[in-house]
Amino acid sequence: MDYDKLYFLAKVELLADLTTPELTELAQDFNWEHLSPESIIMRQGHLHSRFYVLAEGRAEALVTKKGSNSLQVNSFVPGDAFGEISLFTAAPAPTTIKCVTDCTLLTLDSEHFARMLLKWPKLYHRFIEKLSHSLHQANLVLWEAKHKEFLRSSLQLNQYEDKFYGIWGSWKTTKETEAELATLGKKDEHLLLTGERGTGRQMLAWYLHKQRFGESAPFIVVDGRYFDQQWGDQVFEGGSEEEHSGYSGSGLLDLVAGGTLLIREINLISPRAQLRLSHAMQAVQHKCLVVGSMESSPEFFIQLIPELVAAFTQSFRIEPLRERKRDIPVIALGVLQKLAQKNNRPTPVLDPEATKILLSHNYRQGNVTELIQVIERAFYLEDNNIISLEHIFFGPTAAKLGRSINLMGWRGIASMFKKGSAVLWLQRISSGAFAAILLLLVIAPKSSWGILVFSLLWGLWWPALAIISPIFGRVWCTVCPFSYVMASIQRKFHLNKPIPDFLKQYDYLFTTFLFLLIFWLEAITGMRSHPGYTVILLLSIQAAAIALGVVFSRHAWCHHLCPLGGFVATASIGAMVEVRSDTAVCLNKCTTHECYKGTAAVTGCPTSQHLPYLDNNLACKLCFHCVQNCPNDAVQINLRIPAREVWHLVRVNQGFVIFITTILAILIPIDYFDPLQYTMPHWGLWFSLVFWLTALVVGSLTRIIVKPFSTPGASRRVKLVFALVPLVLAGHIVYQLHFLPFADYLLVGLGFRNAAGQVQAHYVPAFKVAQVLAITFGLLLTGFTALMVIVRSNKHPHHLDTPTHSPLDTAHSPH
């Protein structure tokens, strides 16, 4: 048996320096091992303490990476040895070695392996040579596998019709582009494509490739930003730039032989790699097509070395989308048709206002790519085969503003909001209390309970809204009985007609008018002392909410008309509570948009908000439907620094600047005429004239001076008006505190001792103290917020209110 050991050990190259007596002595330390096919000799990542010699059979070495298949990096035949790496390093095995056939092995444990090296140091040289050779071979195998995997993944990208839709634009643009493709396709020269990001450079390169080589040929896309680290030294496999005439065809461009290599942002390649690339392009002039793409601005051109520019004997510039706006409706319709066909749905119709928005936008963010993304998003958001204003979202997703505390991080709170039962019961209780109040005011308005409830309704409700909303946001809308009753009826009977465009465009004017109307009626009719008028007002609001809810989609009354909602929304703009989303999860994981569209159990956002783009509280009702509907747990309920949102405003309904300044201005005639109600002749006529004239003048001046919708995002002037919100709230709190029940009975005393040693006291009504505190806080918060708006605008001058786009660029809506 020892003779058999000696026979097989003599074949091992590592032991070739040992004499026969030395091999005979060593053979005594080896043991036999017999394994069947598929048996694991060594397992990657496990510690092994033996040295192996394969006597009979065949084995292979595999490397396994998490999430991918095993890769064979070596194979073993009789006479091969392995296992020394783990013995030298005392580290887990770098590969898995598996039997391919029946295998017979000679094994040497770690103790005898160490004794072998100590007794015959001359073996070290052999082991070092083998380790070096194995490492080189492994690198070559991995490099080849990398190239194959790269080519395989690149070939899988050949379905570019689905990615780019294959739509050039209008008939004129299509004809010109196809003519240019025909011209370029007849030549073998490399091509330099220029144009802004998203103009369709890659799509043009793909169709040129398809025309010249066909779909099955390699079409490989490389990013210039990573060219140096990935391919800079592999344009040629070896040699230097000067040796390019001896190009062997085994570098990067050999992978593309018979196909096209597209290098995006080619100007970002280093000058050294550009020089090597230019030489390689000349060497493979007729073997493949190299297309370089970059922006056409002069500052990008100077980043290319002359040799590389000379290698591109053809060039073509693609115009930005804003210079060919006639193409926009054609591209939009083509995308919608292909999406409808792919999803087996009718092709949605773009309504006129949505088309106007698409035409007025400048598409500087991404040109055709940006337009396609907007249309794709609108396609999946709409549910009535009509794409309207509320389905169009431009620009980047909402940015995270500073630090905040996500309440959804607490399991108990997250569970409560996801179930929705707590919110539902609050709505039911609120609606029950509302019904009870109405019934009491109708049946027994003069009873002690009726008088008390009526006094609390007017004396506490309005001040409470003005105080709670800036802290907790539109929490009143969460429990609003008008909304709950309307939604309950809507679930049973709903025509679901689209909301008229004029209502969506000018909702801020309707909200402002209705708010002023309620204030005017309150003063003219003496509603605060007439329960019957109050009941009529509340029932009128409820009837209007139900009527619009039954006829139109979602919560049209709450979103576009409700005067109470407008006041609460304005007060909530800088509240401590916000509902936002993890935009990275939304964009990369979400494909069904449940936050907007809803599910079978819970309706979608009642105010048509798409959560990744929600960056202010103005239109968020805090209904928490998005929390219940989101399957990816991307929704966050955050506590944040109050008022911070104001100086970061972007997508806000800028028309609300008129609402803000108007409801602030009307406090002047109200405060002036209220004490004269019983002494001034024709008080109602004079009050009405001054009240409505003040509103009209201030609203008109606001539109002229602030110029809402003159910029895509909220301008500095718009933000400065929103900075007035604390002062507006303070003014209304001061006014409403007049009507606080028992306000004259609660006094605040201030005592001091006079010269005679007597204590003298002065008493002031508590509501007066509260009024002073309210107006002081309002002025301070308004001043601080305005200062932050100015400071931030100076740091970021591109946010200033220079009119650069059409008012339609933001749509007359919160989008």
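User: Among contacts in the protein between residues at least 6 apart in sequence, what share joins residues at least 24 apart?

Analyst: A contact here means heavy atoms within 4.5 Å. Taking the contacts between residues at least 6 apart in sequence, the share that joins residues at least 24 apart is 80%.

User: What kind of model is this, and what is its mean pLDDT?

Analyst: This is a predicted model, in which local features need pLDDT of at least 70 and side-chain atom pairs count only at pLDDT 80 or more, while totals for chains, interfaces and linings use all residues. Residues are numbered from 1 along each chain as its sequence is written, and side-chain values use heavy atoms, with hydrogens and water left out. The pLDDT is the predictor's confidence in each residue, from 0 to 100. In this protein 88% of the residues reach 70 or more, and the mean pLDDT is 84.

User: Over which residues does pLDDT stay under 50, and how many contacts beyond four places in sequence does the model have there?

Analyst: One such stretch is residues 237-250, for which the model has 17 contacts beyond four places in sequence. Another is residues 798-815, where the pLDDT is below 50 and the contacts beyond near neighbours in sequence come to 64.

User: How many helices and strands does the protein have?

Analyst: Helices (H or I, at least four residues) and strands (E, at least two) are DSSP runs, numbered from the N terminus. Counted in this way, the secondary structure of the protein comes to 35 helices and 20 strands.

User: What is the strand order of the open sheet of 5 strands?

Analyst: Two strands pair if DSSP finds at least two bridges between them. Strand β12 pairs in the parallel sense with β11 (residues 260-264) over 5 bridges, and 4 bridges join β12 to β9 (residues 191-194), again in parallel. The edge strands, each pairing on one side only, are β10 (219-223) and β13 (314-317). With parallel pairing, the order is β10-β11-β12-β9-β13.

User: Is strand β12 enclosed or open to the outside, and how many of its residues are buried?

Analyst: Buried means under 20% relative accessible area, exposed over 50% and partly exposed in between (1.4 Å probe, protein chains only). In a regular strand the side chains alternate between the two faces of the sheet. Both faces of β12 are covered, with Leu289, Val291 and Ser293 buried on one side and Val290, Gly292 and Met294 buried on the other. Strand β12 (residues 289-294) is therefore largely enclosed by the rest of the structure, the number of buried residues being 6 of the 6.

User: Which strands stand at the edges of the open sheet of 4 strands?

Analyst: This sheet has the order β1-β8-β3-β6 with antiparallel pairing, and within it 6 bridges join β3 (residues 50-56) to β8 (residues 103-109). Each edge strand has a single partner strand, so one side of each is left without a neighbour in the sheet; these strands are β1 (31-35) and β6 (81-82).

User: Which residues touch the most other members of the largest nonpolar core?

Analyst: A nonpolar core is a set of buried Ala, Val, Leu, Ile, Met, Phe, Trp, Tyr and Cys residues joined through side-chain atoms within 4.5 Å. Leaving aside neighbours within four places in sequence, Trp557 is in contact with residues including Leu514, Ile541 and Leu548. Of the 79 residues in this core, those that touch the most other members are Trp557, Phe567, Ile573 and Phe722.

User: Is Asn629 buried or exposed, and which backbone oxygen does its side chain reach?

Analyst: Asn629 is found in helix α29 (residues 625-629) and is buried, with a relative accessible area of 5%. Among the residues that Asn629 touches, not counting those up to four places away in sequence, are Glu594, Val602 and Thr603. At 3.1 Å, the side chain of Asn629 reaches the backbone oxygen of Thr603.

User: What is the relative accessible area of Thr525?

Analyst: Thr525 lies in helix α23 (residues 507-525), and, leaving aside neighbours within four places in sequence, Thr525 is in contact with His530 and Tyr533. Thr525 is partly exposed, and its relative accessible area is 25%.

How values were computed. A polar contact is a pair of N or O atoms within 3.5 Å; within protein, one must be able to donate a hydrogen and the other to accept it, and residues adjacent in sequence count only if both atoms are side-chain atoms.
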